[in-house]
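Reader: I am new to reading protein structures, and I would like to go through one slowly with you.
Author: Then let us look at it together and take one feature at a time.

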Amino acid sequence: MNMYFSYFLLHSIFILFVSVSHSLSDLEVLLKLKSSMVGPSGSGLEDWNHSYPPSAHCSFSGVTCDDYSRVTSISISFVPLSGSIPPEIGHLKNLISLTLSATNLTGELPLEMSNLTSIKFINISSNNFSGTIHRSMIAKLTELEAFDVYNNNLSGKLPTEFVKLMGLKTLHLGGNYFSGEIPEVYSELQSLESLGLQGNGLTGKIPGSLCRLLNLKELHLGYFNSFEGGIPPEFGLLRSLIILDMASCNLSGEIPKTLGNLKMLEHLYLQMNQLGGQIPSELSGLTSLKSLDLSVNELSGHLPESLSELKNLILLNLLVNHFHGPVPSFIGDLPNLEVLQIWENNFTSELPENLGLKGNLQLLDVSGNKLTGKIPCHLCRGGKLRRLILMENYFSGPIPEEIGECESLVSVRLMKNLLNGTIPSRLLSLPLLNFLELNNNHFTGELPPQMSAKKLDTFTLSNNSIAGKIPPAIGNLVSLTSLSLETNKLFGELPVEISNLKKLSKLDISGNNISGRVPTSIVDCPELTSIDLSQNSLDGEIPIGISKLRKLTSLDLSRNHLSGPIPEEMGSMISLTILDLSYNNFSGRLPSGNQFQYFSNISFAGNANLCLPHNLSCPSTQESIPRRHSRSSKTTKIVLITVIILVTFALLSVVTCVVISRKRRAQNRSCRM
C-alpha cells in the first residue's frame with residue numbers, strides 16, 4: 001500500500017513537473033503575442049523585447065502586472081499591428097482586462113481564449129477579426145463583465161451562450177455580419193446595462209421580451225438590420241434607458257405612446273425608418289430628453305404643443321417627413337436648443353420671432369418648406385450660430401444686420417427665396433465663413449467694398465439685381481474655389497486682383513455688363529477648370545497666356561465684343577472640352593490640331609471674319625487676294641498700253657520719215673530729167 005502511494009506521489013510530481021516545464025512565462029507569452037500580432041507589415045510594440053530582470057515585461061507599453069509580476073492587463077489601441085492573436089494568449093491565467101482596439105488585427109479569435117478564466121473585460125473593437133465566436137469559449141469566461149467586438153467582420157448567428165454569464169454588463173456585437181433573429185433568451189441577461197446589436201444583418205421581429213432587462217441603460221439595434229414590424233410597446237418598461245437607438249432598421253407602424261414613460265431617456269434615435277402617424281403627445285413625458293431624431297420617416301400632422309415640456313432638448317431633427325402647419329412658438333423657448341433641422345416638410349407661416357433668443361442655437365436648417373416672413377433677427381444672439389440654411393422657401397425682406405455681424409457663422413445658404421435689400425456690409429468679412437449662397441433672390445445695391453473672409457470657399461450670388469463694380473477686395477477671398485456672380489447688373493472692368501485667387505476653380509460672371517479686356521492676370525489662377533464670361537461687353541483680345549491654365553475644361557466667352565485672332569497657343573490646351581467663342585469679332589484662322597479639331601462650328605458662330613477649320617474655303621481671306629491681283633494686273637495693263645503707244649508712236653515717226661524721204665528723192669529725180 002505504501003509502495004502504491006509512493007508510486008502515485010512520484011507520478012503526480014512528475015506530471016506537475018512536466019506541466020510546469022511546458023508552461024510559458026508571462027514574458028514569453030508577451031513575446032509570442034508580439035511576434036504574431038505585429039505581422040509582416042505592422043509596427044509598434046518596439047519596447048516589447050527580451051530583457052532582464054524577469055519582471056521587465058511589466059514595464060512594456062500597455063502592460064500592467066500584479067505584485068507577483070503576473071500580467072493582469074493589456075491595453076493597446078490605435079497601433080498598426082497587422083497580425084493576429086496567437087493561441088498562446090491562453091497562458092495569461094491572471095489576465096483581467098484585454099484591450100486591443102483599432103489595431104488592424106485579423107484572423108479568427110483563438111479558442112484558447114477560453115482559458116482566460118480570470119478575464120472580466122474584453123475590448124477588441126475596430127479590427128478585422130473574422131469567423132464566428134466560439135460558443136464553448138464564451139461559456140468558460142464566467143467572470144466576464146464586458147465583451148466588445150464592435151466593428152469587425154464576425155459572422156454567424158448571435159451566440160446564446162452569453163446568457164450563462166451572470167455578471168455580464170456590456171455586450172457590444174454591432175458593426176459585424178451577424179444574421180438571423182435576436183434570440184429571445186437575451187432577455188435573461190438580467191445584469192446587462194448596454195446591448196449593442198446595430199450594424200449587422202439581423203432580421204425578424206424585435207423581441208418585446210427585452211423589456212425584462214430592467215438594468216439596461218443603452219440599447220442599440222439600428223443600421224443595416226432589417227426588422228419586421230415596429231417598436232415593441234413593451235419598451236416603455238425599460239425605465240433605466242438613457243439611449244435608445246433604432247435608426248435605419250426598417251421599422252414601420254407608429255411610435256408607441258408608452259415610450260413617454262422613459263423618464264431617464266436622454267437620446268431617442270428613430271430616423272430613417274418607415275414610421276407613420278403623428279408624434280404622440282405622450283412623448284412630453286421624456287423630460288430628460290436631449291436628442292430627438294425622427295427624420296426621414298412618414299410622420300405627419302402638426303407638432304404637438306406638449307413637446308414644450310422637453311426643456312432639456314438640445315437636438316431636434318424632424319427633416320424629410322410630412323409635417324405641416326406653423327413651427328410652434330415654443331420651439332424658440334426651448335432653453336438649451338442647439339440644433340433644429342426640419343427641412344423637406346410642409347411647414348408654413350413664419351419662423352418664431354424668438355428663435356435663437358436663448359443664445360444656444362448652432363445649426364438651423366428649415367430649407368424646402370413653405371415658410372414666409374422675415375428672417376428672425378435673434379438667431380445669433382449667443383454668438384454660436386454656425387450653419388444657417390433657409391433656402392427654398394418664401395422668406396422676404398432683407399438679411400438682418402445681426403447676421404452680418406455673426407462671427408461664428410461657417411455656412412449661410414439663403415438661395416431661392418424672395419429676399420431683397422442690400423448685402424450686409426460685414427457678411428463677406430466674417431472670419432469663419434466657408435460657404436455663402438445668396439442666389440435666386442431680389443438683392444439690390446452693390447457688393448460690399450470691403451471683403452476679408454479668408455476661409456470663404458464658395459460664393460454664389462447669381463440671379464439677383466446687384467449693380468456696381470466688382471470691388472478689388474474680391475482678391476482678399478484667397479480660399480475661394482467657386483465664384484458665381486452671373487445674371488446681375490454688374491458693370492466696369494474685371495479687377496486684376498482676381499489673380500490673388502490661386503485656388504479658384506469655377507468663375508462665372510456671365511449675363512452682366514462687364515466691359516474692358518479680359519485681364520491677363522486671370523492666367524495666374526492655376527486651378528481654374530471653368531470660366532464663363534459670356535453675355536457681357538468685353539472687348540480686346542483673348543490673353544495669349546490663357547494656355548497656362550492646364551486644368552481648364554470649360555471656357556465660354558460668347559456674346560461679347562472680343563476681337564483679334566484666337567491665340568495659336570490654345571491649340572495645346574488638351575484639357576479643354578467645352579468652348580464657346582460665338583458672337584464676337586474674332587478674325588483669322590483657328591488654331592489647328594488637338595482639341596480644336598473636335599469643336600463644331602457652333603462654338604465659333606457669329607464671327608464673320610473667322611476662318612473655320614471645317615470650311616473648305618475662307619471667304620474673308622480669299623477676298624483680299626483677288627483685290628491684290630486686280631491691282632497688279634491693272635498696273636501691268638497700264639504699263640503695257642503705255643509701251644505699246646510709245647512703240648507705235650515711234651514706228652509711225654519712222655514710217656513718216658521714210659515716206660517723206662522717198663518723196664523728196666522722187667522730186668529730185670524729176671527735176672534732173
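The dialogue that follows goes from the whole chain to its sheets, its core, one serine and its cysteines.

Reader: What kind of model is this, and how are its residues numbered?
Author: This is a predicted model, in which local features need pLDDT of at least 70 and side-chain atom pairs count only at pLDDT 80 or more, while totals for chains, interfaces and linings use all residues. Residues are numbered from 1 along each chain as its sequence is written, and side-chain values use heavy atoms, with hydrogens and water left out.

Reader: How many helices and strands are there in the protein?
Author: Helices (H or I, at least four residues) and strands (E, at least two) are DSSP runs, numbered from the N terminus. The protein holds seven helices and 43 strands.

Reader: How much of the protein is buried?
Author: A residue is called buried under 20% relative accessible area, exposed over 50%, and partly exposed in between, with a 1.4 Å probe and protein chains only. Of the 673 residues in the protein, 48% are buried. The accessible surface, computed by the Shrake-Rupley method with a 1.4 Å probe, where only the protein chains shown count as cover for residues, comes to about 31,700 Å², and 55% of it belongs to carbon and sulfur atoms.

Reader: How should I read a sheet, and what is the strand order in the open sheet of eight strands?
Author: Strands of a sheet pair through backbone hydrogen bonds, either parallel or antiparallel. Here two strands are said to pair if DSSP finds at least two bridges between them. The open sheet of eight strands runs in the order S16-S18-S20-S22-S24-S26-S28-S30, and its pairing is parallel. Strand S16 (276-277) and strand S30 (442-443) stand at the edges with a single partner strand each, so one side of each has no neighbour in the sheet. Within this sheet, strand S22 (residues 346-350) pairs with S24 in the parallel sense over three bridges, and Thr348 stands opposite Lys370 in S24.

Reader: Which strands are at the edges of the open sheet of seven strands?
Author: That sheet has the order S32-S34-S36-S38-S40-S42-S43, again with parallel pairing, and its edge strands are S32 (467-468) and S43 (609-611), each of which pairs on one side only. Strand S36 (residues 513-517) and strand S38 (residues 537-540) are parallel and share three bridges, with Gly516 opposite Leu538 in S38. Further along, two bridges join the parallel strands S40 (residues 561-564) and S42 (residues 585-589), where Ser563 stands opposite Asn585. Three bridges then join S42 to S43, which also run parallel, and the bridge partner of Arg589 in S43 is Cys611.

Reader: What is a nonpolar core, and which residues have the most contacts inside the largest one?
Author: In soluble globular proteins, nonpolar side chains tend to be buried together. A nonpolar core is a set of buried Ala, Val, Leu, Ile, Met, Phe, Trp, Tyr and Cys residues joined through side-chain atoms within 4.5 Å. The largest core here has 174 residues, and those with the most contacts inside it are Ile74, Leu173, Tyr186 and Phe235. Helix H2 (26-38) gives the most to this core, with six residues. If contact is taken as heavy atoms within 4.5 Å, and residues up to four places away in sequence are not counted, Leu173 touches Phe147, Phe178 and Tyr186, among others.

Reader: Is Ser187 buried or exposed?
Author: Ser187 has a relative accessible area of 3%, so it is buried, and it lies in the loop between strand S10 (177-180) and strand S11 (194-196). Its side chain reaches the backbone oxygen of Glu184 at 2.8 Å.

Reader: How many disulfides does the structure hold?
Author: A disulfide is a pair of cysteine sulfur atoms within 2.5 Å, and the structure holds two. Cys58 and Cys65 form one, with their sulfur atoms 2.2 Å apart, and the torsion about its S-S bond is about -100°, so this disulfide is left-handed. Cys380 and Cys406 form another, with sulfur atoms 2.0 Å apart, and its link, with 70° about the S-S bond, is right-handed. Both Cys380 and Cys406 are buried, whereas Cys58, at 23% relative accessibility, counts as partly exposed.

Terms used
A polar contact is a pair of N or O atoms within 3.5 Å; within protein, one must be able to donate a hydrogen and the other to accept it, and residues adjacent in sequence count only if both atoms are side-chain atoms.
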